[in-house]
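Here is a protein to walk through, from its overall plan down to single residues. Keep the sequence and the 3D view side by side as you read.

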Amino acid sequence: MSFSDTELAVVRTAAEREGMASAAWAGRQVMAVAQHVLVPVSRDAEDVLRELIQARVELRETVAALRALAATGVPGAGAPVSAATVVEETLKAVARVDAATVQVMRERRPRS
């Protein structure tokens, strides 16, 4: 493998972060991609994946609020929240996950 000076600096930084030699780190990454353990993504897909992760966090928080609302009528220790508010937040989060998922599906290349 060969790298430009900039690419080699990135590889060295990543390898140092994991306490590995540059060649060992690069070899591990190449094997992970070859074995479909690691799937490289474009910068656009990275943004979409970040959005999916954030939406999952928000959905988990919303589920916790729904459970608390069902149990006591007041989520957590904070101010009362109506069921309608929690449902509305859930629908927004689901819409974000749907949109991000569609974008990932569009970017995904079929494997041969």
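From the N terminus on, the elements of this protein run α-α-α-α. That makes four helices and zero strands. Helices (H or I, at least four residues) and strands (E, at least two) are DSSP runs, numbered from the N terminus. The model is predicted, so local features need pLDDT of at least 70 and side-chain atom pairs count only at pLDDT 80 or more, while totals for chains, interfaces and linings use all residues. Residues are numbered from 1 along each chain as its sequence is written, and side-chain values use heavy atoms, with hydrogens and water left out.

Take the whole chain to begin with. The protein has 112 residues, and 19% of them count as buried. Buried means under 20% relative accessible area, exposed means over 50%, and partly exposed lies in between (1.4 Å probe, protein chains only). The accessible surface comes to about 8,500 Å². Carbon and sulfur atoms hold 59% of that surface. These areas come from the Shrake-Rupley method with a 1.4 Å probe; for residues, only the protein chains shown count as cover. Now consider contacts, meaning heavy atoms within 4.5 Å. Among those between residues at least 6 apart in sequence, 49% join residues at least 24 apart.

Met 1 sits in the segment before α1 (5–17). Met 1 is exposed, because its relative accessible area is 72%. Leaving aside residues up to four places away in sequence, Met 1 touches Ala 26 and Val 30. Gly 27 is 26 residues from Met 1 in sequence, yet their C-alpha atoms are 9.5 Å apart in space.

Next come α1 and α2. Two packed helices are described by the angle between their axes and the distance between the axes. The axes of α1 and α2 (residues 22–34) come within 8 Å and cross at roughly 95°. Axes are lines fitted to C-alpha atoms, for helices over the stretch in contact, and angles run from 0 to 180 degrees between N-to-C directions. The two helices are therefore roughly perpendicular to each other, a label for angles of 65 to 115 degrees. From α1, the contact uses Val 11, Arg 12, Ala 14 and Ala 15; from α2, it uses Ser 22, Trp 25 and Ala 26.

Ala 23 also lies in α2. Is Ala 23 buried or exposed? Ala 23 is exposed, because its relative accessible area is 65%. Its C-alpha atom is 8.7 Å from that of Val 11, 12 residues away along the chain.

Move on to α3 (residues 43–72), which holds Thr 62. α3 has 30 residues and reaches 43 Å from its first C-alpha to its last, close to the 44 Å expected at 1.5 Å a residue. The expected span is 1.5 Å times one less than the number of residues. Thr 62 is buried, because its relative accessible area is 10%. Other buried residues of α3 include Val 48, Leu 52 and Leu 69. Beyond residues up to four places away in sequence, Thr 62 touches Val 86, Glu 89 and Thr 90.

Note on methods. Angles under 35 degrees count as roughly parallel, over 145 as roughly antiparallel, 65 to 115 as roughly perpendicular and the rest as oblique.
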